[in-house]
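Please find below a colleague's note on the model shown here.

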Amino acid sequence: MGQPGQLVVFSGPSGVGKTTLLAEVFRRARQPLVMSVSATTRPPRAGERNGEHYFFLSPDEFAQRREQGDFLECSEVFGRGHWYGTLEKEVAPRLAAGKWVVLEIDVDGAEQVLRKYPDALTIFIEPESPEILERRLRGRGTETEEAVARRLEVARRELVRAGGYRFRVVNDQVDRAADEICRFLDRQAEVGKQGVSDA
Ligand code: 5GP
């Protein structure tokens, strides 16, 4: 019989460098990580493909699937004005197959996940400092002043809730942060094995 899977939840403010860091974690991890594809009501950005980056749903479709109970968690991500959610079908079958299913979701979603999967490994990615986060958000050059201010406000609210996560890592250097996360995952894999052999 294979090892049971594990749910791994990443959150962190916009501009903290989650995408780059996650890509590095996927390259290095010794566990069978798979990314869950979320559903969203926001329109696709250039280059984003349905079913690969997100499942792009109309607000009506999203609401209907929510009523059907298809979501493991969902939230109207603050400051975005759109709904985002994790479909149960992205998660449960893969956990049953022994995969480590990775979610990249906001803090509200993470709290919902913990209610259903209290053993989920929650990881919060922090910026080196609020000033550096602000510089990164402005550095994108694509946002209006109002949008930057809104994202910073959201970031402040999220950082306050970082204490509820099992593991926190400062993304000052991708290399170092990825290494810390992988060592955390290794330790959890060890704990899991001991749990199985003790049973
Ligand atoms: P974006 O629109 O830039 O792709 O994503 C915005 C934010 O939505 C991300 O930072 C992420 O935290 C959040 N998000 C993406 N997918 C989900 C999801 O399935 N559930 C929840 N709760 N948040 C999500």
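The points below treat the basis of the model, the overall fold and the nonpolar cores.

1. This is a predicted model, in which local features need pLDDT of at least 70, side-chain atom pairs count only at pLDDT 80 or more, and totals for chains, interfaces and linings use all residues. Residues are numbered from 1 along each chain as its sequence is written, and side-chain values use heavy atoms, without hydrogens and water.

2. The protein chain contains seven helices and nine strands (DSSP runs, H or I of at least four residues for helices and E of at least two for strands, numbered from the N terminus). Its radius of gyration, taken over C-alpha atoms, is 17 Å, close to the 16 Å that the globule rule gives for 199 residues, so the chain is as compact as a globular protein of that length. That rule is 2.2 Å times the number of residues to the power 0.38.

3. Of the 199 residues, 44% count as buried, meaning under 20% relative accessible area with a 1.4 Å probe, protein chains only.

4. A nonpolar core is a set of buried Ala, Val, Leu, Ile, Met, Phe, Trp, Tyr and Cys residues joined through side-chain atoms within 4.5 Å. The largest has 27 residues, and Val-8, Phe-10, Val-25, Ile-123, Ile-181 and Leu-185 touch the most other members. Among the elements that each supply at least two residues are β1 (6-11), β8 (121-126) and α7 (174-198); α7 gives the most, with seven.

5. Apart from this core lies another, of 15 residues, including Val-9 and Val-101.

Notes
Buried means under 20% relative accessible area, exposed over 50%, partly exposed in between (1.4 Å probe, protein chains only).
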